[in-house]
Amino acid sequence: MKIAPVLAVAALGAAASVAQAEVSSTITLTSDYDFRGLTQTARDPALQASLDWANDSGMYVGAWASNVDFGKGTDADVEVDLYAGFRGSFNDDLSFDVGAIQYAYQPNGDKVDFAEAYGSLTYKAVTAKYSYAWDYGNTGSAASYFELNSAVPLPNDFSLTLHGGYSSGEYWTENYLDYSIGVAKSVGNFAVSLKWVDGSDLQSAQKAPADVFTSDAKLVFSVATTLPWGK
């Protein structure tokens, strides 16, 4: 697992977060990098890190990185996402978030780089989000993703996490559903989660060779922390 670029982002985030209150960094260790029901690491662990800046106006920019394993189809070892957007609220119960993200893969992964626009509405504990890529995976075909997410507070700093998503568009030869259900808990400065993820509605990706992009259901365990601590 090649983690040097991810560690570099994490270190930069840690340093910057001390210098500016608007800057934060989240570092995550997970048993699998799941993206919309499909593994991005051939069901191997991933080290991930983000560097985010936001101000009181609602504007934000950020970068996120993770190791990936796409098999023999590309030489890419690392995914680096760059994003920017604007978030705000209509009232205490209803908020919104709009933005765009560029997915980039290194090294020599530029043949699959692509951009995506997104928008979401959150009402209390439920978020509905729509994402649209006009050139998904640099294939010339469009793809859409609609998702619902919720985190329901439970006693003793536990929460129930729920997710459902639907992938569609000309890129996909078969539209498919994915979902996850899990529990999360805050332990000091860390967030620990365990969830069941299932993308097997995409039947063509079931039992994929070497688990590359497999949609098979799995348990995913992760530990994350956000810097600076004490905020």
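**Reading a cavity and its surrounding strands**

Q: Which residues line the largest cavity?

A: The lining residues are Arg-36, Glu-116, Tyr-136, Ala-143, Ser-144, Tyr-145, Ser-167 and Trp-172. A cavity is a set of points on a 1 Å grid over the protein atoms alone where a 1.4 Å probe fits but cannot get out, and lining residues have an atom within 4 Å of a point. Rolling a probe the size of a water molecule over the atoms shows where empty space is left.

Q: What kind of model am I looking at, and how are its residues numbered?

A: This is a predicted model, in which local features need pLDDT of at least 70, side-chain atom pairs count only at pLDDT 80 or more, and totals for chains, interfaces and linings use all residues. Numbering runs from 1 along each chain as its sequence is written, and side-chain values use heavy atoms, with hydrogens and water left out.

Q: Which strand gives the most to the lining of the largest cavity?

A: A strand is a DSSP run of E with at least two residues, numbered from the N terminus. Here strand E10, residues 143-154, gives the most to that lining, with three residues. Tyr-145 is found in E10 and is also one of the lining residues.

Q: Is Tyr-145 buried or exposed?

A: Tyr-145 counts as buried because its relative accessibility is 1%. The limit for buried is under 20% relative accessible area (1.4 Å probe, protein chains only).

Q: Which side chain makes a polar contact with the side chain of Tyr-145?

A: A polar contact is a pair of N or O atoms within 3.5 Å; within protein, one must be able to donate a hydrogen and the other to accept it, and residues adjacent in sequence count only if both atoms are side-chain atoms. The side chain of Tyr-145 has His-163 as its partner, at 3.0 Å. Now try a separation across the model: 97 residues along the chain lie between the positions of Tyr-145 and Gln-48, and their C-alpha atoms are 22 Å apart.

Q: Why does Asn-67 count as buried?

A: Asn-67 has 5% relative accessibility, so it counts as buried. Find Asn-67 in strand E5, residues 59-67.

Q: Which backbone atoms lie at a polar atom of the Asn-67 side chain?

A: Look at two places. The backbone oxygen of Pro-45 lies 3.2 Å from a polar atom of that side chain. The backbone nitrogen of Leu-47 lies 2.8 Å from a polar atom of the Asn-67 side chain.

Q: How many bridges join E5 to strand E6?

A: Two strands pair if DSSP finds at least two bridges between them. E5 and E6 (residues 78-89) have nine, in the antiparallel sense.

Q: What lies between E12 and E13?

A: Two residues lie between these strands, which form a hairpin. In the turn, Gly-188 has a positive phi of about 60°. Strands E12 (residues 176-187) and E13 (residues 190-198) run antiparallel and share nine bridges. Gly-182 is partnered by Lys-195 in E13.

Q: How many bridges join E13 to strand E14?

A: Eight bridges join them, and the strands run antiparallel, with E14 covering residues 218-227. Check Leu-194: its bridge partner in E14 is Phe-221.

Conventions. 1 Å grid on protein atoms, 1.4 Å probe; cavity = no way out; pocket = protein on both sides within 12 Å on 5 of 7 lines; lining within 4 Å. Helix = DSSP H or I, 4+ residues; strand = E, 2+ residues; numbered from the N terminus. Buried < 20%, exposed > 50% of the residue type's maximum accessible area, 1.4 Å probe, protein only.
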